[in-house]
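I open my notebook and go through one model, topic by topic.

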Amino acid sequence: MKSSDLVLFRDICDSLDDSLYQTIQNPDNEFIEDIESGYKFSEYSSKGIEYDFDDMEDKLRVSLRYYQRLALYFTKYYFEKKYLLNGNQNNKLTYWMATGSGKTIIMKANIIDYFEYLRDKNPSEIEVIITSPLKELIGQLRNEMSEFFAHEFFKDFKFSYKIETTQGLIERYKNESHEIVGESQYRLLLVDEAHIGLGNDKSGQGAFVNIRNELTKNISNSFMFEYSATFYDLTDKKQIEEYANRIIYEYDYGKFYNDRYGKDFKFDVIKKDEIAEDENKDIKRNLDANLEAFNQKLKSFNDYNSNKMLNRGKPFPNRPLLVMAGNTVSASKESSANNEENSDISKIIDYLANLDSATIDKYIAIFNENKGVLHLLQNSSNNGELLMSFGEDALPFGLITVGNIKKFLENNNIQKLIADSKIITKNIKFTNENYLFKNIDYESSPINILIGSRKFSAGWNSFRVSQICLINFGTGSGPTIIQMFGRGVRLRGLNDDGKRSERRYVKENESKSEFLSHSKDNNLKEEKYELLKYLETLFIYSLRSTYLSKFVEQDTDIYKKSIVFSKGVEVSQDYKEKSLPIFYIDKSVDKIQGIIKVEALIVNDAKLNISYEVESIKNNTIIDLPITIDLSIKQEKTVDFKDIGWLESFVDRAYIQKLIYKKQEQNSINIAGLSIEFIIDLLISKNIIIKYDGEIKTPLQFQKITIKAVNILISKIKNKIIYNENKQNYKYDQTITSDDYIDRYDIKFVLDKSADAKKVSDRLESRDNFKIFIDKVFNHYYQPLALDPHASTQKVYETYQKCLDRGYTQNYKNILDSDIGYFEDIEEVKISPDRLNPDEFKFVCDLQKYISEHQLDVTILRNKSKGNIGLIADDDSGVFYPDFILWYMQKLDNDDIQQHIIFCDPKGIRNAETKWKVCDAPYYIKELEKKWDSDIKLHSFIVSNTSKKDIVWSPIKDLNIKQCDLFFNLVFMDDSGYIEKIFKGINYDILIHKEYNER
């Protein structure tokens, strides 16, 4: 089953935006930022769906990632637009979410959203059932959910919840009724690891599938959410059809990996000895390789964290942990002292007990600087854990977890080691909490090696797992290995965002995994790269090729067979002859470290005056009042708090004040005088303006508005201070280089599993119609047009066709008609960096046409998102990176040359989130022009693909088209003369127009 098969997922994508599905498959930074900021959801506001992500984050105490926001928004869309409407009978939704992507967060949010959906139905009781086929997960779910359901949100509802294993539910409902009694009673079923229960029994129906259907057969009074990391293995046609119409969001491991979430991974299979296939010898070779690699990991961790010049105050947060796992066993064999698990673990103990002195010295850091006889210390208060140390009373370096310590010590291998004095066993009570398995993530835990099996596959989360050694795991242990992989790829990240510093550290050859060497394309300096690649990569060692290899190679597109074309696609190098000047954001300047201290907030003369201290230096800045918070969807309606001020006496002041402290702590800022009274005064005095469609009638509504004001005000204060500190961080008199702009494109054809890459490549290159890239657009710009076998892409190409003559581009329909085999064996086409969207493409074509007709000397380059060239915003808009930069050598009447640098950004501006880029950037860039002490003129233009009539925010809505151009360098793409207005507009003194506008 593939992403392209998902009917419901694609249907909702197309309902919101006909290019959304393709964008989600390969999102760029701008799209992700627009989702995280809420801008994209404002664009979708015409669909009538509003989602309060700030409120959900407060309830869950997390920051939602972009894909989690999309998944929850899609769910809200389903409930309001599809569920129980137009005869729809689907009360089951499924999330295909990668291991490590936060499925439990989605589960909790789903529970809250379903309860909210039922609020107006006044339910008499809601029954919540949470289940998983993995018993290891149940304990973790019970711990998490008991705290979750204690949240005050649930006080408004009468509900019960139970958390059972799959088998437990089946047994329970053999003897209990599963009928829903009463019209106002509801049931919510949540299934984790849903793919595991899909097998068929003798009757042709999986036992757990049957109980799921029975528990949710009442369509209007029950609902089911399912969660799984994979649905690739579905083969039953009926199930494929069901899940195609049930999976509402798909974020598989390939997408998770390509977004830089989690650790990279490196497989090493220890091959069998070609001369003598000795299993014990192979195990020794495996363990030798593990100690060598893990020693390097610990060294990298210590070297990186001890070098403050290198880590810039952000040490790597989690010391590496080596997990050694033996094969799991069936319940019938668990009681045996010599079962598979005990036998595998005993071989690891045998290896450690027989290490010679030189080897122990070599790896002394792993063993916490101790040597001597291996000691196994049994915890008298816990029958499942053993400590390991070299020497008596030495700091333990390892922890063994097995089902039964007594049985394990009776294992033949262990008994022989004891008899030979290779190990010493003792029974003690662990008095140090740092020695326990449950506390292994503590920074103070001395444990470097964790040994066991089934317990590690699920039910615990650890950022420390950095290396996994598999003993006797083959292809038959698939689900367990995938679970273990999920434990290992978790990463806290240097910025606490779960992301790697680099997208990829490892390349896969046919025979082995290898590290990529450092190159200029890496974001990191060489020394930092070399250390972080060990810390941000999960090593996996096995004696044989495992199911994990199959999962990564076949079930994601990370290592799928593909053809990459990058021939002759470099952008014109003409710029090198011109030595184009530019200014940079100085990224070498450290960001603010430590806590920002705001000493005073004073409201005076329509301004919020801020006195603050950063790193012992005091300064001041201001925020213009009023601050507008737009929560409206259909109309702009201002809330008058004077009319509803009486509601403020009913809000939970203690709760909001606690949130104020929490929000400051999250933002590393301490704001003196910020209280709920201060916020309410700002609301009532209209220094904070709320735009909202509905009526504020209840204390709860008032409280939600107040919380929204708290969040936005703290963010604005912090961002304003950061701007004030960083606004001088520009380097002038720089020369543009290929590192500063997009100078090449790569196109990748992802092939079907059975395809022959060479045959596909030869077939494509032999066809007359195979022309992936436009040659040139008037010598300045390459426009990559990667054909794609998806229906939604056809609309994009039809738009492109309107912009260019056929001499420059391929006709999409003609290619399909004349060469129906064009996409044979091709699953997907990807382009990097992202292809231009239709509006960007139209802008480039119109621009080049105007330049050619008027014989202007202009160089156009496409800017890099998050590169060096941009404007630091004066508010909470971050950094403005224009899509295009123009160097225009204007010939004056006296034959002198005036050089201009023009930022151009084609974009939609229906919503006010773009206000800084539209209204402030044109003036701010003129301030930089003065500081540059150069004859070069700087300009910033927004090219709006939104029609003027559709803009509803001030001041733009109050101006005519000519005034937008004069006052704000804002031109409209549906105005036939918009390119000409840019080149005429650079001759206006926009500062004069600003003064006129202010009068």
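**Entry 1: after helix 25.** I looked up Lys 686, which follows helix 25 and has a positive phi near 65 degrees. Helices here are DSSP runs of H or I with at least four residues, strands are runs of E with at least two, and both are numbered from the N terminus. I noted the ground rules: this is a predicted model, where local features need pLDDT of at least 70, side-chain atom pairs count only at pLDDT 80 or more, and totals for chains, interfaces and linings use all residues. Residues are numbered from 1 along each chain as its sequence is written, and side-chain values use heavy atoms, with hydrogens and water left out.

**Entry 2: inside helix 25.** Which residues of helix 25 are buried? I found Ile 676, Phe 678, Ile 679, Ile 680, Leu 682 and Leu 683. Buried means under 20% relative accessible area, exposed means over 50%, and partly exposed is in between, with a 1.4 Å probe and protein chains only. I then checked what covers these residues. The cover includes strand 20 (596–604), strand 21 (607–614), helix 23 (641–644), helix 24, strand 25 (688–691) and helix 26 (699–726).

**Entry 3: helix 24 against helix 25.** Two packed helices are described by the angle between their axes and the distance between the axes. I looked up both values. The axes of helix 24 (residues 653–666) and helix 25 (residues 676–684) come within 9 Å and cross at roughly 95 degrees. Axes are lines fitted to C-alpha atoms, for helices over the stretch in contact, and angles run from 0 to 180 degrees between N-to-C directions. Helix 24 and helix 25 are therefore roughly perpendicular. The cut-offs are under 35 degrees for roughly parallel, over 145 for roughly antiparallel, 65 to 115 for roughly perpendicular, and oblique for the rest.

Helix 24 brings Arg 653, Ile 656, Gln 657 and Ile 660 to the contact, and helix 25 brings Ile 676, Glu 677 and Ile 680. Contact means heavy atoms within 4.5 Å. I sorted the residues of this contact by class: four are nonpolar, one is polar and two are charged. Ala, Val, Leu, Ile, Met, Phe, Trp, Tyr, Cys and Pro count as nonpolar, Asp, Glu, Lys and Arg as charged, and the others, Gly among them, as polar.

Entry 4: Most residues other than glycine have a negative phi, and most peptide bonds are trans. I listed some exceptions.

- Ser 616 has a positive phi near 70 degrees. Ser 616 sits in the loop between strand 21 and strand 22, and is exposed at 67% relative accessibility.
- Asp 733 is not a glycine, yet has a positive phi of about 55 degrees. Asp 733 is in strand 26 (residues 730–735), and is exposed at 60% relative accessibility.
- The peptide bond from Leu 625 to Pro 626 is cis, with omega near 0 degrees. Pro 626 is in the loop between strand 22 (617–624) and strand 23 (627–630).
- The peptide bond from Ser 954 to Pro 955 is also cis, with omega near 5 degrees. Pro 955 is in the loop between strand 34 (937–944) and helix 32 (961–968).

**Entry 5: aromatic rings.** How many aromatic pairs does a search of the whole structure find? I got 63. Rings of Phe, Tyr and Trp (its six-membered ring) pair if their centres lie within 6.5 Å; planes under 30 degrees apart count as stacked, over 60 as edge-to-face and the rest as tilted.

I looked at Tyr 78 and Phe 79. Their ring centres are 6.3 Å apart and their planes at 75 degrees, so the pair is edge-to-face. Tyr 78 is buried at 1% relative accessible area, and Phe 79 is buried at 8%.

Next came Tyr 888 and Phe 983. Their ring centres are 5.1 Å apart and their planes at 90 degrees, so this pair is edge-to-face. Tyr 888 lies in strand 32 (residues 884–891) and Phe 983 in helix 33 (residues 978–985), so the pair ties together parts that are 95 residues apart in sequence. Both Tyr 888 and Phe 983 are buried.

**Entry 6: the whole chain.** I counted 34 helices and 35 strands in the chain. Of the 999 residues, 55% are buried.
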